[in-house]
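Please read it alongside the sequence and the coordinates.

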Amino acid sequence: MPVYLTSIGFSALWIGVLEGFAEAIVGLTKGYFGKLSDTTGKRIVFIRGGYFFKCRFQTGVGLFPNRIWIFTARTGDRLGKGIRTSARDALLADESLAKDRGKVFGFHRAMDTVGAAIGPLFAITFLTYSPDNTARFFYTHLFLP
């Protein structure tokens with residue numbers, strides 16, 4: 001993400017502001033939507049809604065490379081994380097036996113980490129073997145879901 005952002009004119013300061021703001025959104029919304037999920041008892045609605053936000057907004061980061069849209073898209077992506085995380089964790093806890101809860105959460109975290117490691121490897125491979133690895137066209141395709 002930082003390589004892409006610098007390629008479209010973001011400075012290190014603006015990348016820091018963007019990421020700080022986006023992570024603040026996650027922190028502020030997890031508690032609110034987690035409580036709302038507990039109050040309503042509807043976990044799936046929040047999980048699906050959160051992933052919907054992520055898919056729709058993350059794609060926009062590559063398609064509309066201007067600063068305002070990048071801030072909007074990144075904030076929407078992180079808002080999706082805030083909406084889904086608490087409900088997803090509660091669902092995992094609700095659906096697992098007390099003796100297996102550590103295994104369930106450990107497996108979920110392991111798969112999340114594997115995905116976070118494989119994604120950048122695919123991106124690096126894609127950019128390395130693309131005809132023009134600095135072209136916005138190729139960065140755009142990395143953000144498509």
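A residue is called buried when its relative accessible area is under 20%, exposed when that area is over 50%, and partly exposed in between, with a 1.4 Å probe and protein chains only. By that scale W69, at 25% relative accessibility, counts as partly exposed.

The model is a predicted one, in which local features need pLDDT of at least 70 and side-chain atom pairs count only at pLDDT 80 or more, whereas totals for chains, interfaces and linings use all residues. Residues are numbered from 1 along each chain as its sequence is written, and side-chain values use heavy atoms, with hydrogens and water left out.

The predictor's confidence in each residue, pLDDT, runs from 0 to 100; its average over the protein chain is 85, and 89% of the residues score at least 70. Helices are DSSP runs of H or I with at least four residues, numbered from the N terminus. Confidence is lowest in helix α6 (residues 136-142), with a mean of 60, and highest in helix α2 (residues 12-40), at 92.

Helix α2 has 29 residues and spans 41 Å from its first C-alpha to its last, close to the 42 Å expected at 1.5 Å a residue, where the expected span is 1.5 Å times one less than the number of residues. At T29 the helix α2 bends by about 30 degrees, the bend being the angle between axes fitted to the seven residues ending there and the seven starting there. After α2 comes G41, which has a positive phi near 75 degrees.

**Buried residues and cores**

The buried residues of α2 include I15, L18, A22, I25, V26 and T29, and what covers the buried residues of α2 includes α1 (2-7), α3 (43-63) and α4. Contact here means heavy atoms within 4.5 Å. In helix α4 (residues 67-95) lies R78, which counts as buried because its relative accessibility is 10%; leaving out residues up to four places away in sequence, R78 touches A22, E23, I25 and V26.

A nonpolar core is a set of buried Ala, Val, Leu, Ile, Met, Phe, Trp, Tyr and Cys residues joined through side-chain atoms within 4.5 Å. The largest nonpolar core has nine residues, namely Y4, L5, I8, F10, I15, L18, V61, I70 and A73, and the elements that give two or more residues to this core are α1, α2 and α4. Another core, of five residues, lies apart from it and has F46, I47, I83 and A87 among its members.

**Aromatic pairs**

Rings of Phe, Tyr and Trp (its six-membered ring) pair if their centres lie within 6.5 Å, and planes under 30 degrees apart count as stacked, over 60 as edge-to-face and the rest as tilted.

| Pair | Centre distance | Plane angle | Class |
|---|---|---|---|
| F53 and F57 | 5.7 Å | 20 degrees | stacked |
| F57 and W69 | 6.2 Å | 25 degrees | stacked |

The second pair links distant parts of the chain, with F57 in helix α3 and W69 in helix α4, 12 residues apart. F53 and F57 are separated by about one helical turn because they are four residues apart in helix α3. F53 is partly exposed at 27% relative accessibility, and F57 is partly exposed at 22%.
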